[in-house]
Amino acid sequence: MAGFSLKMPKLGESITEATIIRWLKNVGDRIEMDEPILEIATDKVDSEIPSPVEGVLKERLFNEGDVVAVETIIAIIETETGSAGDQVAQTPLLQATGSDQNQEAATTGNYDNLQSKALKGRDTAGRFYSPLVRTVAKKEKLTVDELEKIPGSGHLNRLTIKDLKAYMSNRSYQGTPVSLPTPAIKKPIPVPTNEEPDSIVSVGGDDTVIEMSRMRKLIADHMVMSEATSVHITLFAEADVTNLVNWRNQQKDQFEKHEGGKLTYTPVFIEAISKALRDYPMVNVSVDGNKIIVRKNVNIGMAVATPDGNLIVPVIKNADHMSLLGLAIKVNDLATRARINQLKPDEIQGGTFTLTNFGTFGALGGTPIINQPQVAILGVGLIQKKPVVIETPQGDTIGIRHIIMLSLSCDHRVVDGALGSQFMKRVASYLEEFDNSRVL
């Protein structure tokens, strides 16, 4: 038998720790590969951690409610080969009550000093609050008494994010004011916020006031921050995608039969973008002050609309190294799990360029807002049949072709009109020259 050390996974570039919400397996339990072992929470998302091996849970090194640094060994799983080792590296816990946090509380006013009591991992009755719940509670300025009175649907009356959202929805409807977080911007740029003075907008007796959901507030703040950070310009181009349309019509039934999902245009768009980013690497960059960071990897984010009307952007890592079939399968998987809130934290991190599809909802085009810290985003519109001039050796003629509008918003600090236009033209060329004899 051998001992496999299960570590707290890396959950994104900015996440350094996570809280163990609940162990799903006890010592001695049999564990199958990819079977969830425990639930964890960060200030961004709650997630289940699956087992990368098959075996028996030999030891749990942390308890429910413990805050654990990423890359720390949290459990030992006994597998079928070799002999189990006794040396286990255990990283000290990162306590939420450290001196830095106490110093911050001392400088943020009386309200935050009182509020910090509500943001502890457990209340006086021992009820557990995940980092995500505590983050939302702090932003919404919930009091200790309010948190303690909200019914919890989780294990041992744990307050889940769904419970908190349901309470906030009812609380907002009753007229309790909810403040909006101010976007965090590294440089001193005056940034407009979504907070508005009282009575700036008149409300009539027949009007209905609906409070923004937490997700909608975050989206709004991110968009305001992006507009204040980047100098946006938007360029437009049309592409003849008749070959692509014909190819998809030939391949979609077979793809659905073999893969069990729809064959969309998105993987082809991502393939074209990935190739163009390799051709023009200065579009695959980020800006840090006066420095330009050229990204080695091509990680394409794709905007996905969720059933509640919000947007989330899962990321396809190293998209330029994937086959078209691999991209098609990955696109369907991420889009499906995005709509049912089952994405892992790392799957929404690390994007270097974003694609957004206006055409899905019938729009001809648009002017997308850059997803920071990226410097460009490509929007694709509705594919339409149009009469166009076709040049032939025998002369010009009129034909019916499938045309799509592309719109590239880019950060004029580092991507000027020439570079942006060249990049977008290259994307259009890859789409127009698509080989309709390709087989998935």
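1. E238 has a relative accessibility of 46% and is therefore classed as partly exposed, a class that lies between buried (under 20% relative accessible area) and exposed (over 50%), with a 1.4 Å probe and protein chains only. Its side chain meets that of K386 in a salt bridge, with 3.2 Å from N to O, where a salt bridge is a side-chain nitrogen of Lys or Arg within 4 Å of a carboxyl oxygen of Asp or Glu. This pair links distant parts of the chain, since E238 belongs to strand β9 (residues 232-240) and K386 to strand β18 (residues 384-392), 148 residues apart. K386, at 28% relative accessibility, also counts as partly exposed.

2. The model is predicted, so that local features need pLDDT of at least 70 and side-chain atom pairs count only at pLDDT 80 or more, while totals for chains, interfaces and linings use all residues. Residues are numbered from 1 along each chain as its sequence is written, and side-chain values use heavy atoms, with hydrogens and water left out.

3. By the salt-bridge rule, the count comes to 13. One of them joins the side chains of E54 and R30 at 2.8 Å, N to O; E54 sits in the loop between β5 (46-50) and β6 (55-60), whereas R30 lies in strand β3 (residues 30-31), and the two are 24 residues apart. Helices (H or I, at least four residues) and strands (E, at least two) are DSSP runs, numbered from the N terminus. E54 counts as partly exposed at 38% relative accessibility, and R30 counts as partly exposed at 37%.

4. A further salt bridge is formed by the side chains of E256 and K262, at 3.5 Å from N to O. Here E256 is partly exposed, with 36% relative accessibility, but K262 reaches 55% and counts as exposed. Through salt bridges that share partners, R30, E54 and E80 are joined into one network.

5. R30 also has a place in the strand pairing, because it stands opposite V56 in β6, and β3 and β6 run antiparallel, joined by two bridges; two strands pair if DSSP finds at least two bridges between them. The open sheet to which they belong has four strands in the order β1-β8-β6-β3, with antiparallel pairing. Its edges are β1 (2-7) and β3, each of which has a single partner strand, so one side of each is left without a neighbour in the sheet.

6. Strands β10 (residues 285-288) and β11 (residues 291-294) pair in the antiparallel sense over four bridges, with V287 opposite I292 in β11. The two strands form a hairpin with two residues between them, and G289 in the turn has a positive phi of about 65 degrees.

7. For helix packing, the axes of helix α7 (residues 242-259) and helix α9 (residues 324-339) come within 13 Å and cross at roughly 65 degrees; axes are lines fitted to C-alpha atoms, for helices over the stretch in contact, and angles run from 0 to 180 degrees between N-to-C directions. The crossing is right-handed, that is, the near helix is turned clockwise from the far one by less than a right angle. W247, F255 and E259 of α7 make the contact (heavy atoms within 4.5 Å) with L324, L325, A328, I329 and N332 of α9. By class, the contact has six nonpolar, one polar and one charged residues.

Definitions and conventions
Ala, Val, Leu, Ile, Met, Phe, Trp, Tyr, Cys and Pro count as nonpolar, Asp, Glu, Lys and Arg as charged, and the others, Gly among them, as polar.
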